[in-house]
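Reader: I am new to this structure. Please walk me through it in short steps.

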Amino acid sequence: MPASPEPSPIGDASPPGQGLAIAAESLYLVNLLLLPGLGFLLLLWLYFRHRKDAPPLARVHVWQTVSASLWAGALLVLANLLIVALGGYQAAWTWVVVILYFTTAHTTLVVLGILGLARALAGQPCRYPVIGKLLP
Amino acid sequence: MQLHYQSQAVAKPYFIAAIALFVGQILFGLILGLQYVIGDFLFPAIPFNVARMVHTNLLIVWLLFGFMGAAYYLVPEETETELHSPLLAHLLFWIFLVAGALTVVGYLTVPYATLAEMTGNELLATMGREFLEQPLPTKLGIVVVALAFLYNIGMTILKGRKTAIGMILLMGLVGLAVFFLFAFYNPSNLVRDKYFWWWVVHLWVEGVWELILGAILGFVLLKITGVDREVIEKWLYVIITLTLVSGFIGTGHHYYWIGTPGYWQWWGGIFSALEPLPFFAMTVFCFNMVNRRRRQHPNKAATLWALGTGVMAFLGAGVWGFLHTLAPINYYTHGTQITAAHGHMAFYGAYVMVVLTIISYAMPILRGREANPERAQVLEMWSFWLMTVSMVFITLFLTAAGILQVWLQRIIPNPQPFMQVQNQLTMFYWMRWLAGVVFLIGLTVYIYSFFARDRPQTAEAREGQTATA
């Protein structure tokens, strides 16, 4: 779960970089839910375009989502290929493990993205546990 | 702490009855869980079909008690006026409780066919269908209670302030009553019967109940976060729109392979693929509101329940629903333990948790304080984690059982018969039952939390802090 320091009540004005933060979290979720690969490429484009000039809030969210997306690729694609390779394509238990693993891993990543998006919408930083880069 | 409106007090017996029936539901769930692995457990006293009927019917009835209690609590506050008739609310409570209790006693003491004969099923045959097993007098009683309840809530809203939360709740409650009327339509053609049966079952839980869920969640978040009403209302509009757009035509995912036209595979697939969206939005909504909160409400347990509702509804109804909602997948998974996995987590995540959210928020106020003592809240949060984690495991074990069932029964070149496959799922059923026991422990802790008080030294320390402040 993203770190949740005491909330700082926000005013009506958006903090600098909030739009970019929301875009990054949205692209992370798009990559997981709608357009795998394309969402990640757009996120990478966002990262390279703004890596030097992004306000601190946006930088945190962009870094977190890029890092989490790379982890997601490994956890969802590589790990499942490994399970199938080790267990065999024609074994019942392979599919029990693959489907359970994929569903829980994918869902966990999506929920982290939802929490990240909620924090971005509130103009707050966020850190994904384990798979996110540490806050500067 | 005083109630804003004295008539809100009528919610209290509804909440107490809801929790009592919840206990009954879980006990019968455990009996059922054992019957999966010890086939003649409690037979012939409580046959499997009877235990299942009691388990599911109690769930529906206690959730309805919870919704009614929630409405009686939040409507006076939203409308800024006393309830139209607290007396009617009390009367309906006893009618509904006695009718519900008699129905369960009937299920347990009389053979179902005899019960049908005794209760006039030959006059208008409505019994014998899953979830709608209630005898005719009970069904008629539900209609009377629902109409009188709607009259009471409707008149209150009419004379008071109209808010989005109140109107969404009313819309959901009207829908609940209207769609229940299809319980009386029981055509002899089995396809037609199932077609309209889903108008009660699906359009309740994936339609109008979601409106009730949204309204209750919106109300609690409004109170505990202090976020502007306008912000909450905008979120609710988005959630409700997504619900109605996806949920109604999404009924089509129940029409695969039952004899309805093939186009339902497209309509059902496309629209039910959209059904996770309102739950997705609901989760973002809950966390966004808590992140933007303008006050630190002392009721931390209610905040936890509200956040949990968002996440677990998304997982159970959204993700586990999507898992088997597309026609090509459902071709293999239809009616397997994967459906049971989805049903358990969706009902718990969406409706059990939202009722526990409003109870968690309202009960302390109904008992004269803004929030429960710290120790009671800690216990309540323990119960939250025990019940929620055990429900996650129940879902995972049933999912594993379902995948294996699909493989053995429908994928392999020489598919095995149903009971032979069931025999091979025993390990998962045992693990599911153990998770169910942990759930019951969580529920026990939850009930105990209502009676827990701070230890004397904690209470003194808190009083000292208050005095210093």
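Author: What follows is a set of questions and answers on chains, helices and single residues. This is a predicted model, in which local features need pLDDT of at least 70 and side-chain atom pairs count only at pLDDT 80 or more, while totals for chains, interfaces and linings use all residues. Residues are numbered from 1 along each chain as its sequence is written, and chains are lettered from A and ligands numbered from 1 in the order in which they are written.

Reader: Which pattern does chain A follow along the sequence?
Author: Helices (H or I, at least four residues) and strands (E, at least two) are DSSP runs, numbered from the N terminus. Chain A has four helices and zero strands. Read in order, its pattern is α-α-α-α.

Reader: What share of the residues in chain A is buried?
Author: A residue is buried if 20 or more other C-beta atoms lie within 10 Å of its own, exposed if 12 or fewer, and partly exposed in between; C-beta atoms are placed from the backbone. Chain A has 136 residues. The buried share is 38%.

Reader: How many residues of chain B are in contact with chain A?
Author: Two residues are in contact if their C-beta atoms, placed from the backbone, lie within 7 Å. Chain A brings 19 residues to this meeting. The number in chain B is 20.

Reader: Which class do 15 residues on chain A's side belong to?
Author: Ala, Val, Leu, Ile, Met, Phe, Trp, Tyr, Cys and Pro count as nonpolar, Asp, Glu, Lys and Arg as charged, and the others, Gly among them, as polar. The side of chain A that touches chain B has three polar residues and one charged. The other 15 are nonpolar.

Reader: Are H1(A) and H3(A) roughly parallel or antiparallel?
Author: Axes are lines fitted to C-alpha atoms, for helices over the stretch in contact, and angles run from 0 to 180 degrees between N-to-C directions. The axes of H1 (residues 18-33) and H3 (residues 56-87) of chain A come within 7 Å and cross at roughly 10°. Angles under 35 degrees count as roughly parallel, over 145 as roughly antiparallel, 65 to 115 as roughly perpendicular and the rest as oblique. So H1(A) and H3(A) are roughly parallel.

Reader: How are H2(B) and H3(B) set to each other?
Author: The axes of H2 (residues 48-79) and H3 (residues 86-109) of chain B come within 10 Å. They cross at roughly 175°. Therefore the two helices are roughly antiparallel.

Reader: Is B:Leu173 buried or exposed?
Author: B:Leu173 lies in H6 (residues 164-180) of chain B. Beyond its neighbours within four places in sequence, B:Leu173 is in contact with B:Ala71, B:Leu150, B:Ile153 and B:Ile212. Because 24 other C-beta atoms lie within 10 Å, B:Leu173 is buried.

Reader: Is B:Ala113 buried or exposed?
Author: B:Ala113 is found in H4 (residues 112-118) of chain B. Its C-beta neighbours inside 10 Å number 11, so B:Ala113 counts as exposed.

Reader: Which exposed residues does H9(B) carry on the face turned away from its buried side?
Author: In H9 (residues 263-273) of chain B, B:Trp264, B:Gln265, B:Gly268 and B:Ser272 are buried. They cover an arc of only 100° around the axis, so they sit on the same side of H9(B); the arc is that of the directions from the helix axis to the C-beta atoms. The face turned away carries B:Tyr263 and B:Trp266.
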